[in-house]
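Please work through each task before reading its solution.

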Amino acid sequence: MELVEKALAGNRRALSRLITVVEAGDATARQALAALYPHTGRAHIVGVTGAPGTGKSTLVNQLALHWRAQGRTVAVLAVDPTSPFSGGAILGDRIRMQALGGDPGCYIRSMASRGSLGGLARSTGDAVKVLDAAGFEIVIVETVGAGQAEVEITREAHTVIVVEIPGMGDDIQAIKAGILEIADVFVVNKADREGAERTLRQLQMMLHLGAGEPRDGWDPPIVQTVANTGKNIPEVAAAVERHLAHLKANDLLAPRERQRIEREWTMIVRESLLNELFARIPASERDTLIARMQARQVDPYAAASQVVAAVFEDSI
Amino acid sequence: MERPIRVLVAKPGLDGHDRGAKVIARALRDAGMEVIYTGLQQTPQMIVEAALQEDVDCIGLSILSGAHMTLLPKIMQLLKANEGDDVLVVAGGIISDEDARSLRQEHGIAEIFGPGASTHTITDFIRANIKRPAVEG
């Protein structure tokens with residue numbers, strides 16, 4: 001594919017086009033990804049997640065500036081939510097990333113979630129592949145403002161930063177399952193505000209309540225930052241780099257990658273099967289079944305088994 | 001698969017009034033478009049770079065400062081120089097009829113929307129005039 005070749009050769013216009021192509025997720029996208037795939041697996045993928053307004057974009061901007069100053073190339077994928085009603089979206093993460101403009105070693109792309117839950121768009125992983133293949137050393141993925149359960153990012157990133165701010169919830173929030181569990185690095189941003197020490201203590205308590213050794217032998221560090229002024233950004237970057245070094249030193253990178261690929265592949269198989277299956281159910285049959293369920297003549301499980309059995313009988 | 005139209009909404013130059021740009025951004029969102037909003041005080045370079053990285057179909061420029069005859073042609077030149085000729089560019093703000101004519105005819109701005117233009121007119125215009133209706137390989 002010409003577009004892939006141009007993007008791999010460093011043409012930025014082609015790179016942008018290619019992300020549009022993979023975002024569409026159609027046959028052309030699959031063709032492009034096939035051509036890109038051998039070139040992937042090199043970038044350090046860093047996820048940044050946290051509630052809306054915690055300063056994720058500002059932190060991403062500062063981290064990217066820090067790594068650029070060290071001469072490393074950085075791409076940013078920033079995901080914002082799509083309206084469930086109109087399908088439209090306002091993607092505003094770039095506003096906080098003005099300082100990165102005009103730098104050929106840095107690339108920023110906004111993505112709408114397009115109906116996906118979990119904090120990422122369906123094709124975020126594929127867009128990461130494009131940027132990885134294009135040779136960016138670090139790819140930062142910023143999720144949709146996430147609450148408690150948007151943990152999809154763990155599937156795409158090697159290192160996940162969870163951003164907290166003072167004054168969000170009590171110590172019970174800190175021991176709930178979900179987003180706090182996925183952090184490899186904690187950032188308490190806006191640490192110049194009242195309550196920062198308390199948030200820090202709650203996180204420390206949460207981390208040390210767990211029984212036994214921390215997951216993967218990694219004790220997530222907590223860094224207090226003021227992203228607006230750049231305070232402690234080098235410490236966050238260092239923690240992220242230490243985490244990758246830890247994964248490498250303990251042979252954890254390959255098993256993680258294996259797990260990610262298995263999950264990704266399973267999801268693709270599932271989706272393709274579903275599409276194939278639904279394509280074989282005539283619309284009239286579907287409408288009849290739905291009407292019968294609505295009339296309580298058949299329950300949804302029975303109606304599902306009936307359809308699946310029929311499709312498989314046909315194909316044998 | 002149908003792809004949402006992507007639009008960059010930007011305010012070039014030094015004017016600090018962004019209520020209009022926000023109203024437009026919201027209207028485009030409600031019309032099902034993906035709007036990349038870049039905020040105030042954008043240089044032509046910043047706008048063109050963002051538009052190309054975001055691979056938008058359209059750039060909507062809001063300008064109330066009076067500097068449109070300097071900034072808008074500059075944006076068009078930069079777009080052309082960077083293989084961005086297929087991006088539809090529209091503008092809105094306080095722009096005289098004479099300037100609007102010149103921007104359309106000599107500089108390639110597709111349409112100028114003055115005060116009072118309805119948001120429907122704008123969304124319909126964008127939908128009808130973007131140059132890349134589908135994804136190409």
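Rings of Phe, Tyr and Trp (its six-membered ring) form a pair if their centres lie within 6.5 Å; planes under 30 degrees apart count as stacked, over 60 as edge-to-face and the rest as tilted. The model is predicted, so local features need pLDDT of at least 70 and side-chain atom pairs count only at pLDDT 80 or more, whereas totals for chains, interfaces and linings use all residues. Residues are numbered from 1 along each chain as its sequence is written, chains are lettered from A and ligands numbered from 1 in the order in which they are written, and side-chain values use heavy atoms, with hydrogens and water left out.

**Exercise 1. Determine how many aromatic pairs there are over all chains, and classify each.**

Step 1. By the rule above, the count over all chains is 2 aromatic pairs.

Step 2. Tyr107(A) and Phe136(A) have a centre-to-centre distance of 6.3 Å and 40° between the planes, a tilted pair. Tyr107(A) belongs to strand S4 (residues 106–112) of chain A, and Phe136(A) to the loop between helix H5 (124–133) and strand S5 (138–142) of chain A, so the pair ties together parts 29 residues apart in sequence. Helices (H or I, at least four residues) and strands (E, at least two) are DSSP runs, numbered from the N terminus.

Step 3. For Phe113(B) and Phe125(B), the ring centres are 5.7 Å apart and the planes stand at 80°, so this pair is edge-to-face. Phe113(B) is in strand S5 (residues 111–113) of chain B and Phe125(B) in helix H5 (residues 119–129) of chain B, 12 residues apart.

Step 4. Buried means under 20% relative accessible area, exposed over 50%, and partly exposed in between (1.4 Å probe, protein chains only). Phe113(B) counts as buried because its relative accessibility is 11%; Phe125(B), at 18%, counts as buried too.

**Exercise 2. Identify the residues that touch the most other members of the largest nonpolar core.**

Step 1. A nonpolar core is a set of buried Ala, Val, Leu, Ile, Met, Phe, Trp, Tyr and Cys residues joined through side-chain atoms within 4.5 Å.

Step 2. The largest such core has 44 residues, and Leu18(A), Leu131(A), Val139(A) and Val162(A) touch the most other members. Helix H2 (residues 12–24) of chain A gives the most to this core, with 6 residues.

**Exercise 3. State whether Leu77(A) is buried or exposed, and where it is found.**

Step 1. Leu77(A) lies in strand S2 (residues 74–80) of chain A.

Step 2. Its relative accessibility is 0%, so Leu77(A) counts as buried.
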